[in-house]
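Here's a quick tour of one chain, from its overall layout to a couple of surface features. Have the sequence open alongside.

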Amino acid sequence: VPETLRALRAVTAGVAVVAGVGSQRIGKSTILNLLHSRKTSGFGLGHTLDAQTAGIWIWLRQHPKDPNMVVCFADTEGLDTPHIQQSYNWMLSSLTLLISSVFLYQSKSSIDSSAT
């Protein structure tokens with residue numbers, strides 16, 4: 001957390017937040033990595049059901065076309081992570097939506113009551 005706060009405090013340009021929310025193991029981190037740098041390294045990727053992201057992780061990048069703008073990519077913990085209360089999932093999703101300029105909700109299928 002301290003290094004994240006230092007990085008955010010060092011930003012003097014405008015900030016656009018691109019955030020991904022959804023179930024675990026469906027590719028949120030991969031999509032955000034590809035949007036950031038067209039590579040799959042950056043946000044942690046796993047091959048098991050063990051969560052790689054806890055809470056919200058961020059990764060900053062200079063906007064590719066606007067030198068006065070920084071893009072903050074925000075990766076979130078999977079909404080169906082075992083042993084996590086549903087109220088935590090709602091708070092995480094709500095906070096992410098409130099801070100986002102672009103909000104990506106990723107689902108395995110159509111959005112219905114089982115997607116929460």
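What follows covers the fold, a surface patch and a pocket.

This is a predicted model, where local features need pLDDT of at least 70, side-chain atom pairs count only at pLDDT 80 or more, and totals for chains, interfaces and linings use all residues. Residues are numbered from 1 along each chain as its sequence is written, and side-chain values use heavy atoms, with hydrogens and water left out.

The chain has three helices and four strands, running α-β-α-β-β-α-β from the N terminus. Helices here are DSSP runs of H or I with at least four residues, and strands are E runs of at least two. Of the 116 residues, 31% count as buried, meaning under 20% relative accessible area with a 1.4 Å probe and protein chains only; exposed is over 50%, and partly exposed lies in between.

On the surface, I31, L35, V102 and L104 make up a nonpolar patch. Patch residues have over 30% relative accessible area and no salt bridge, with nonpolar side chains joined within 5 Å; a salt bridge puts a Lys or Arg side-chain nitrogen within 4 Å of an Asp or Glu carboxyl oxygen. Helix 2 (28-37) and strand 4 (102-106) each supply at least two of the patch residues. L35 sits in helix 2 and is partly exposed, at 45% relative accessible area.

| Feature | Residues | Value |
|---|---|---|
| Nonpolar patch | I31, L35, V102, L104 | about 290 Å² accessible area together |
| Second largest pocket | V1, T4, I56, W57, I58 | volume of about 150 Å³ |

As for that pocket, strand 2 (residues 56-62) gives the most to its lining, with three residues. The lining divides into four nonpolar, one polar and no charged residues. A pocket is an open set of points on a 1 Å grid where a 1.4 Å probe fits, with protein on both sides within 12 Å along at least five of seven lines, and lining residues have an atom within 4 Å of a point.

Conventions:
Patch = residues over 30% accessible without salt bridge, like charges linked within 9 Å, V, L, I, M, F, W, Y side chains within 5 Å. Areas by Shrake-Rupley, 256 points an atom, 1.4 Å probe, with all protein chains shown as cover. Points joined across faces, edges and corners; volume = space filled by probe spheres on them. Nonpolar A, V, L, I, M, F, W, Y, C, P; charged D, E, K, R; others polar.
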